[in-house]
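Here is a short report on side-chain contacts in one protein model.

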Amino acid sequence: MGFHSHEVVQDKRTSLDLSPEKTLCFNNNFEISFDLSFYLNRAVYFGYIIRIIEDDHRNIDLVYNAEALKNHFNLIIGDKLTKTAFDIDPNSLFNRWNKLSIKFDYDNDRIIFRSGDRTFIEKNMHLKRSACYKILFGVNNYKQFKTTDIPPMKLRDIKIISNGSLTYNWPLNEELGQTAHEIYSQSDGAVINPLWITALHHDWQPAQGLKINGVASVAFDPKKEIVYVIGSDSIYSYQADSSHWSSTAYSSGKLILNQGNQSVFNPYDKNLYNFYLFVNKKFIAKYNTTTHAWDKKFEAGDVSDFWHLNKSISISDSSLYLFGGYGHLVYKNTVQQYHFNTHTWENIVPNRDFFMPRYLAALGATEKGDTVYILGGYGNSSGQQILNPNNMYDMMRFTVKDKTFKKMFTLKEGDNDFAMANSLIIDSHSNSYYGLIFPQHKYNSTLQLIYGSLLKPSYTFVGNSIPYNFHDTHSFADLYYCKTSKKFIAVTLLRSETNQTKVNIYTLLSPPFGSGSTVSLAKRSYYLYYIACFLLIAAATAFIYLKRRKTNSPILISSPVINDAEASEIPNKIKAYSSGTLCKNSIFLFGDLQVFDAEGADITKHFTPLIKELFLVILLYSIKHGRGLSSEKLNEILWFDKDAKSARNNRSVNIAKLKSLLDRLDHCSLSKDTGYWKIDIDFDHVHVDYGDYLSIVRDKALLDIERIKFLSAITQRGNFLLNNEYEWLDSFKSEISNDVIDTYLHYAHSLDPTHDAELLIEISAYIFHFDPVNEEATILKCKALSSLGKHSLAKHTFENFIKEYKVIYGEDFKMDFHDILEKKTSQK
């Protein structure tokens, strides 16, 4: 656990009380130990590491004081310094965990302090058996022993050994909350303003962002750990260790930065460069940090021919190498070299393996830049955008010495295509890399960190995702690594239509934690993918056809209902949803919107924001209400700010575009036959998760375990239309959340808490996905855990609930733990 120190105001600093609302009492010798480390690059290093208060009378403190000439750690008893004073080597203090312990030796009336292999003894301490202690770390507000001074420290694995046996252990490995769980005696500690380090290795932390005028680019100084944002009137600097922004205006006035420009920091001459390229013209300028001016005049030009190219600097020949890019409907595989010494450009003709034309790839280099790795991208062998471009997953190695490309391997593509942020982080010692991937086919995208091998085609997802608005040439994303601070930095840029650039920065501590899921081996086989989809659809179609043939029923276009006979197909549908198998003619509304046409191609990216909203409002009104909605209602929702004629023209144009997109799906069309705009869907041939959802929640009398699993498979993709916010959509989202929770609870009440405990715990987790403080789900889970004999987990669940309840509702929950175990949940 990390502690907020003098970098924040007193009320925001961190406190840890090992025994809130009580004291810890010992009849025999006891010893408290813990691991300690400090944060680097903080302004103030002073304060209390631990304060032990004996019978509310005497304090025993370990204090750190950086201002002392030597022996910065001191043991204080009462108001006097003891002879126990020492230092810890800075390299160890800031980069490693250091074990410290304090032993209360009643037998010999002494306190024994240990730091590593050093031992200090304080004699004649007048210790009393059966004394009771408050043990506090950091700041505290306890009686007359209050203190607000604390060094910037990290703690882990606090233990108390009494009479030779481990009595208490607080690992401090939580990811959230204000409880430090004790794993032996359930004597949980209380934390105020915690900085849980485990979460910082998994959850990207957003830093303060910027919004600057004009086009911008970004560069990174790895030694000083500074991210530079190059704007048209200033350079903005983000210092990684302090999370502080600063800016410096250009002395030479405002720049004309062309679209597609990039920047790079040269770690060998310590200069910052900006460049942009056209097929027949190349421009590069150097920034003087002393005069705050660029050495060349920037001139207005055309849009770059080399968007999203990759770059690397080689120390061996003092050169900048540029790879690939995109511009004017052409993907490039050009390799360009800029010689810093002679200020000249050269086009390189690489040897050996073919480097496919691409952009949106990631590049990483060895420490000296003599070997370059390029992963993935988007393009094709011809370079012509009109000739079926696609995502690439090859790892290419470029050797500067002989100007040679070698294909190392090809990653497995997985179920969803992805492109790359601009950089890879290369670790030559372990032959591994880190990179950021994202699905480039949608605007509301996310960046995901992966960890892979340079020697074989496997990678693992690590950390959580980062929001990323991808608008092709309007967007840019990059990844950097700080060796000293041991953190990753992700930067995203988004240029708006008003010519402003939004800069977002996120940090993640290293090593990153993740799901551990690994994708490996070579590319997927598309024919197996389509065969699987075909067989699944064919089986369902054949079954329905035979059933209707027997009953001579006509085929109707309406909302789906799962009857008893068709319920036998549910396991196949669950498998398809849970595995992420995406077949032809599918519309997914839970999570991110995705639409797949009759050929299985994802066409979501072709829906502009307006057409997407038009599609969604007609689709939802068609499926839920069965009739669609009128032109007047469409105007009210989408073109309320326009007069009748203008609204009619806009509606006609966008309806035509939507019809064209829906024509790519079979058995799905837009009509106005009834006087209402409606999307007609044959649910026997088109998969719509919202339709499947409705068929489950509308008839709760048919609920069984398969339908519950099916509902879970649908909703686990994410909340309904996760990244879409429209005023008219709020009622749909609210109703769906309520219906999902009611459906789970309705089924849960039919179960036996004793025999179905594990299933009840699982259902509670499904409910918490929609309502983290659902009272009935909490009761169900606590009862189920108790029936399994997991009483401490049940109590922990309840304590987390009441804390979240108070945060949300601003009042205490009215029942205690024993009350809820006795309470009967209401029937739905």
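In which helix do Lys633 and Glu636 both lie, and how many residues apart are they? Both lie in helix H6 (residues 631-638), three residues apart, about one turn of the helix. Helices (H or I, at least four residues) and strands (E, at least two) are DSSP runs, numbered from the N terminus.

## Basis

This is a predicted model: local features need pLDDT of at least 70, side-chain atom pairs count only at pLDDT 80 or more, and totals for chains, interfaces and linings use all residues. Residues are numbered from 1 along each chain as its sequence is written, and side-chain values use heavy atoms, with hydrogens and water left out.

## Salt bridges

A salt bridge is a side-chain nitrogen of Lys or Arg within 4 Å of a carboxyl oxygen of Asp or Glu. By this rule the model has 21 salt bridges. One of them joins Lys633 to Glu636, at 3.8 Å from N to O. Lys633 is partly exposed, at 29%. Glu636 is exposed, at 52%.

Glu735 and Lys624 meet at 2.4 Å, N to O. Glu735 belongs to helix H10 (residues 730-748) and Lys624 to helix H5 (residues 609-625), so this pair ties together parts that are 111 residues apart in sequence. Both ends are partly exposed: Glu735 has a relative accessibility of 33%, and Lys624 has 25%.

Lys806 and Asp812 also form a salt bridge, at 3.3 Å from N to O. Lys806 is partly exposed, with a relative accessible area of 45%. Elsewhere, salt bridges that share partners join Asp35, Lys99 and Arg156 into one network.

## Charges over rings

The rule asks for NZ of Lys or CZ of Arg within 6 Å of the ring centre and within 35 degrees of the ring normal. Lys332 lies over the face of Phe306, at 5.2 Å from the ring centre.

## Aromatic pairs

Rings of Phe, Tyr and Trp (its six-membered ring) pair if their centres lie within 6.5 Å; planes under 30 degrees apart count as stacked, over 60 as edge-to-face and the rest as tilted. The count comes to 64 aromatic pairs. In one of them, the ring centres of Tyr250 and Tyr287 are 6.1 Å apart and the planes stand at 65 degrees, so the pair is edge-to-face. Tyr250 sits in the loop between strand E23 (244-249) and strand E24 (262-266), and Tyr287 in strand E26 (residues 281-288), so the pair ties together parts that are 37 residues apart in sequence.

Tyr805 and Phe813 are both buried. Ring pairs also link a cluster of Phe38, Tyr45, Tyr64, Phe73, Phe86, Phe94, Phe113 and Phe120.

## Around Tyr39

Where is Tyr39 placed? Tyr39 is in the loop between strand E4 (30-38) and strand E5 (46-54). This residue is buried, at 12% relative accessibility. Contact means heavy atoms within 4.5 Å. Leaving aside neighbours within four places in sequence, Tyr39 is in contact with residues including Gly2, Phe3, Tyr45, Phe94, Pro152 and Ile197.

Thr778 lies in helix H12 (residues 775-787). Is Thr778 buried or exposed? Thr778 counts as buried, at 2% relative accessibility. Beyond its neighbours within four places in sequence, Thr778 is in contact with Phe768 and Phe801.

Val807 lies in helix H13 (residues 791-809). Val807 is exposed, at 65% relative accessibility. Val807, Ile808 and Tyr809 form a nonpolar patch on the surface, with about 340 Å² of accessible area together. Patches are made of residues with over 30% relative accessible area and no salt bridge: like charges are joined within 9 Å, nonpolar side chains (Val, Leu, Ile, Met, Phe, Trp, Tyr) within 5 Å. Accessible areas come from the Shrake-Rupley method with a 1.4 Å probe; for residues, only the protein chains shown count as cover.

Conventions: Buried < 20%, exposed > 50% of the residue type's maximum accessible area, 1.4 Å probe, protein only.
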